[in-house]
Structures are given as C-alpha cells and as structure tokens.
Amino acid sequence: MRKLPVILLSVFLISFLASSTLPLREERGIMEVFVNLKVYDEKGALIKEITMRDPLTQAMGGFVSRLFSAASATDESGTSRSLGTGVSGPLYICVGTGSPVSPTYSDYMLVNLLQCVRASQATMAIVGNRGNISLSASFSFSQQYTITEVGLRKYLSYNYLLAHDALSPSITVPAGGKLTVTYIIRINSGV
Amino acid sequence: MRREILVALLLISLMFLGVYTGLLMKPKETKGGVSVTLVVRQYRNGSLIKEVVDRKDPFTNNFIQILYATMYNGGDLKTYTMKDVSGTSRNLYISRADCSGFCSPLYATGNYIYIGDGTTPFSINDYKLSGTNILKTKGSTPSESAVDPKINYTISASFSLSSAMTVSEVGYSKVLTASDFYNYEFLLMRDVLSTPISALAGDTITVTYIIRING
C-alpha cells in the first residue's frame, strides 16, 4: 500500500510523457482555403473525390492584405506588382501535370500547366459565425490525364496564382471523363 | 474489492490527466490560411502592468463581403452591401469602369481602432462595439514584415485614458467609399477580450493587431 503513491505518480508521468508523441495542437486559421476535386468517368459516374486544405500563395496573401493596406504580389511571369484597389478581373481554376510538385508560399505559377477554366461566379453562405465563399470549374478531357497539381488564378491586368496545391497521390481522369474542382474559402470567426 | 476498483479508477483518471496536461503544454501550430493575433497592453506611469493576447474572434460579415467582392469573377457595376458603424446598409461597387478604382471596394481613406466596455459575445453580424463607453482613434498605417518568408501585417493604436474604464472589447474598422461616393466606416474585426482590463484615468492602453498570412 505504501507503494501506491509512487505507482500513481508513475502513471501520471508516463501518460504525460507519452502525450509528447501525439501531434502538436493545431490552431485553425481564421481564414482557410479548401479544395474539393471530383472525378467522373465517361458515363458521368463519380469515381473519386478528395478534399484538402489548400496552401495560400504570396499572391493570395497580397490580395487579403489589401483589405488592410496597399499590397503587392508576384504575377505569373515572376514580376512583383502593386495590386492597386481593383477587383473586377476574372477568376480561373487551373490544373497541371507537373512533377515533382512541392507547393510553397512563394509559388506564382503551376509547375506544368495543363488547362485553366474560368470559374463559376463565387457564392457566399454564412452559417453561425462561419462564412464560406465557394467557386468551381469543370474540366472535360478527351484523353486520359494524370493531374498532379491544382491552382486558383485571378486576373487583374496580370495573372496571379492565389493558391497552389499538389495532389498526392495524383488523380487520373479517364478519356472522356470530367474533373470538377471547387475552392472553398472559409472564415472561422469566433471559434 | 471496492478498494481495488477505486485504485483502478484512480489509475485510469491519472492516466487521462497526464495525457491531457501534456497536450495542454504543447505549443500550438498554425497551419495555413490567415490568422489574427490581438495584443492589448495596459501601462501605468510608463510601466506595463497587464497584457492580454487573444486569437479567436475577428472577422465580421463586412470583412467577408469585401473578400467576396475580391473573389468576384469579372463584370462591371455590380454592387455588394455592407453595414456601416451606424447600422445603415450601404451599397459598394465591386467595380465601375468610369471611376478607375475610386469606387472599387478597396478604395479606402483610413482605418480606426476601437476599445469599449461591452461584453456581448462576438457575432459575425457585429457592425459596431457593444458597450456604452467606447473610444476610437486612428490606427497606424499597417506595417509589413516578412517572417519565414510569410507576411505579418501589424496595425496598432494607443489610447491615453482621461477617465477610468473597463476595456473588454476591441474593434478594427476601415473607411470605404460607397456607391453614393460618400465615405463610411465599416467594422471588419471585433474581439471580446478573454480577460477584461480595469484601467484608471491616466493609464495608456495600446492595441496591436497582427494579421498573419501563414501560407
């Protein structure tokens, strides 16, 4: 019985130390970007769907920063430009077949661009203290492609890559198949 | 038998307590997106006597509306609606070809930081602070710093109090030009402090917003 306090203390310490093997506590950003991809076969049947959190690029940082201050961003030619105050240019969703793809904050273009499609007009929904802005685009391919990267592009006199992500594993769209890509910008206020 | 059950329950409880304590002591990792850190400091006779750091509430519906306008997919003369700090809904142009940026949603002439004594929980539909004792001052021009190599934007303001007040909420607003070509002020962020600050006349309150673009 005298050993009980030692045993109890040992259990606590072992549990405490064991927790160090668990992943870091993750703090959610106030604003996050997700991308959802759906692959359909030539008959229109859904054959694959993935959703992932998408890293922002320096250009998206610039566009968000404009809500607070004048900001600049690097266009797809690698030139840094002042973004000004305009917003009215079109948005495109792009897919690529680059390899290897290791997205970084400094990315300003896809590794190997396959195709860009003008996105649908963005829609917005607010539920509780969360807001979602979403937009999507569909790609139809006459031949089979293995898609390894996806990006969101804004045209504002120049092309700016707002988000870039690698698909790991890659996804294969069969000949005659279709790929739909949906970007969701989520605001997690009050959480 | 009962003692053995109690000891077993105690062991299990301690095991969970150990894991929970260990997790609490782990640093937080911010993954991607945009985060906002609010730092409120209270100074008395030049000495820091209290600091509150919060990372939870910020963006209001007005912010989302501007972001939505930024994601607008082309076209001209479209408008969107935001509520100014008086509670009046205002239309703002997403774009208008004949005013070359002047009436774009981001054409702005200033920003303000507020402190107040309200304690109403944050709502995304907030358009003003909730308290009755509210002070406002111009925010600093946002400063930019590259961090690893992401970007932090820092906006700050300082309040010298002429009378005592409890600071329990903070807000950030921006002045934008509406479609009637008048300027109005719109609340973009509001925070209810995790720990209110009881300040005396003569105290200085500094407010710093750090907007982190995490990539």
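pLDDT is the predictor's confidence in each residue, from 0 to 100. The views below show a predicted model, in which local features need pLDDT of at least 70 and side-chain atom pairs count only at pLDDT 80 or more, while totals for chains, interfaces and linings use all residues. Residues are numbered from 1 along each chain as its sequence is written, and chains are lettered from A and ligands numbered from 1 in the order in which they are written.

**View 1. Confidence along chain A.** The mean pLDDT of chain A is 84, and 90% of its residues score at least 70. Where pLDDT is low, the predicted coordinates should not be read in detail.

View 2. Chain A contains 2 helices and 12 strands; helices (H or I, at least four residues) and strands (E, at least two) are DSSP runs, numbered from the N terminus. Their order from the N terminus is α-β-β-β-α-β-β-β-β-β-β-β-β-β. Of the 191 residues in chain A, 42% are buried (20 or more other C-beta atoms within 10 Å of the residue's own; exposed means 12 or fewer, partly exposed in between; C-beta atoms are placed from the backbone).

**View 3. The open sheet of chain A.** Four strands of chain A, in the order β7-β6-β10-β11, form an open sheet with antiparallel pairing; two strands pair if DSSP finds at least two bridges between them. Strands β7 (113-118) and β11 (158-173) of chain A are the edges, each pairing on one side only. From one strand to the next, the twist averages 20°.

**View 4. Strands β10 and β11 of chain A, with helix α2.** Strand β10 (residues 145-156) of chain A is joined to β11(A) by 11 bridges, and the two run antiparallel. I171(A) in β11(A) stands opposite I147(A). Helix α2 (residues 58-65) of chain A lies across β10 and β11 of chain A, at about 135° to β11(A). Axes are lines fitted to C-alpha atoms, for helices over the stretch in contact, and angles run from 0 to 180 degrees between N-to-C directions.

**View 5. Surroundings of D57(B).** D57(B) sits in the loop between β3 (47-54) and α2 (61-70) of chain B. D57(B) counts as buried because 27 C-beta neighbours lie inside 10 Å. Leaving out residues up to four places away in sequence, D57(B) touches S189(A), G190(A), F122(B), R190(B), D191(B) and V192(B) (contact: C-beta atoms, placed from the backbone, within 7 Å).

Notes
Two residues are in contact if their C-beta atoms, placed from the backbone, lie within 7 Å.
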